[in-house]
Amino acid sequence: MRKWSAVFVFILFLCVFPAMVHADTPPSIVLDGVTIEQQTGAPAENTGKTVMVPIRVVSENLGYEVKWEKATQTVSVLKGARSIQMVAGQEEATVNGNKVSLDAPPLIKQGTTLVPLRFVGEGMGLLVGWDNGTKTVSLSSLPPVVEVDNEEDSLETPGSVSLAELNSINFSGNQLTLGTKGNITPKLSTLTNPDRIIVDLPGTTFSQQFIQGQASKPDGSGSFQVTDSSFITQIRYANFSNSPATVRIVFDLSHIATAKWSHGENQEILIDLTANGETTITPQPAVEIPNGTKVVIIDPGHGGRQSGAVSVTGKYEKDFNLAVGLKVQALLQSYTDIQTVITRKDDTELSLQQRVDIAELNHADVFVSIHGNKFTTPVPNGIETLYTRPESKELADILHKYVLPITGLKDRGIKTASLHVTRETTMPAVLLELGFLSNESDEAIMFTEDYQNKCAQAIVDGILEFLGK
């Protein structure tokens, strides 16, 4: 009888005090709507008096450098002219040379420094919050989106509000392509310390297709590192607000950049980014162009630090682009009435505007940019031909007609896209995506000599037909 009484008391304890069962669960940290992965050994914790967060985890996600001096028990957080110093056990910290009082002294646990939550806000200029119910630390670079009062809105019932959906995210060539469903008008803003670009999608939620295919977490949030840009380091995305529904995308930058958006095909939203202070060049025509000679610009995408997509076996898109570009140049050189200019003939890094300048100063008749495609999942494959301006459509149609059959890959069609090199040039300009490096089957043939030779010959045949040769 006593045994059953003990069991009954234990069950009653679980029912009345369920929260105590999970008392050891560490708080989660959400930065700009995206949950930060914490070290299992020393995560955030609630000491009862204050919430302590691991300073290294927060700092490094914001682009700060963290240094630890074991002899003095000092942790330094640095970014540009901004500096923060803290000493374990001391209730004062130094922010840019000024003393700041702490709610509690920093703790050192398993090599990780934990500091009071309020200090993170004061020291790094973040909005901080603590949800005791969900045990969540919230850190925000921007205030939450505030719904504008509207009398007409109040007449609608919650069930009558139809949300747009984000179906996919794809990044290439300093352009973010968002596959969407519904009417979305993005709101762009910039932040410094560290440098970021914020893209908010009002009235939008993640589709089930996105959550199942691209999201890192069940709530749709996630992030991925960027390897093919000289100034974008990471892209993060999350459901930033439920009222009103808002999806937020954050570009983490190595230095200041600007962004603008446009509508693509099939309800796509295109976000083009350009680094501020990009150096410009003033290229001159390679040779004097005889009368009647046509000038063709061949543009192998990426180069230098900008590797482009990294294939499933670790190969670089920039190498594929250059190999095909050089083959096209060699084939065209046999035509005496065509002057071929290639934007790069080695692993040189060029900005998008530099490529446009080369075409404009050489008074080109045709511009063809060569690329390999990629996606965040391995499923998409095939050939795409992209153009921006109506006067480029004929060139796009002809090149696609020649390239597609020789590859044997899936036809992904001829599409309009707001790409810098096809938008800012004034001659017919096309960007060819000659397969997906993120797809195992496509990648297996893209780096073969035979495939590259076939692509080069098809591109030349298309250019010749367009020029009437």
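## Leucine 201 and its strand

Leucine 201 sits opposite valine 247 of strand 21 in this predicted model. The strands involved here are strand 17, covering residues 196–202, and strand 21, covering residues 245–253. They pair in the antiparallel sense, and 7 bridges link them.

## The sheet around it

## Helix 9 against helix 12

Now for a helix pair. Helix 9 (residues 393–407) packs with helix 12 (residues 449–467) at about 150 degrees, and the axes are 8 Å apart. Angles over 145 degrees count as roughly antiparallel, so that is how helix 9 and helix 12 run relative to each other. The crossing of helix 9 past helix 12 is right-handed.

Who does the touching? On the helix 9 side, the contact residues are Glu394, Leu395, Ile398, Leu399, Lys401, Tyr402, Val403, Ile406 and Thr407. Helix 12 brings in Tyr451, Lys454, Cys455, Ala458, Ile459, Asp461, Gly462, Ile463, Glu465 and Phe466. Sorted by class, this contact comes out as 12 nonpolar, 5 charged and 2 polar residues.

Notes
Residues numbered from 1 in each chain as written. Predicted model: local features only at pLDDT ≥ 70, side-chain atom pairs only at ≥ 80, totals over all residues. Heavy atoms only, no water. Axes fitted to C-alpha atoms, helices over the stretch in contact; angles between N-to-C directions. Helix = DSSP H or I, 4+ residues; strand = E, 2+ residues; numbered from the N terminus. Parallel < 35°, antiparallel > 145°, perpendicular 65-115°, else oblique. Left-handed = near helix turned anticlockwise from the far one by under 90°. Contact = heavy atoms within 4.5 Å. Nonpolar A, V, L, I, M, F, W, Y, C, P; charged D, E, K, R; others polar. Pairing = 2+ DSSP bridges.
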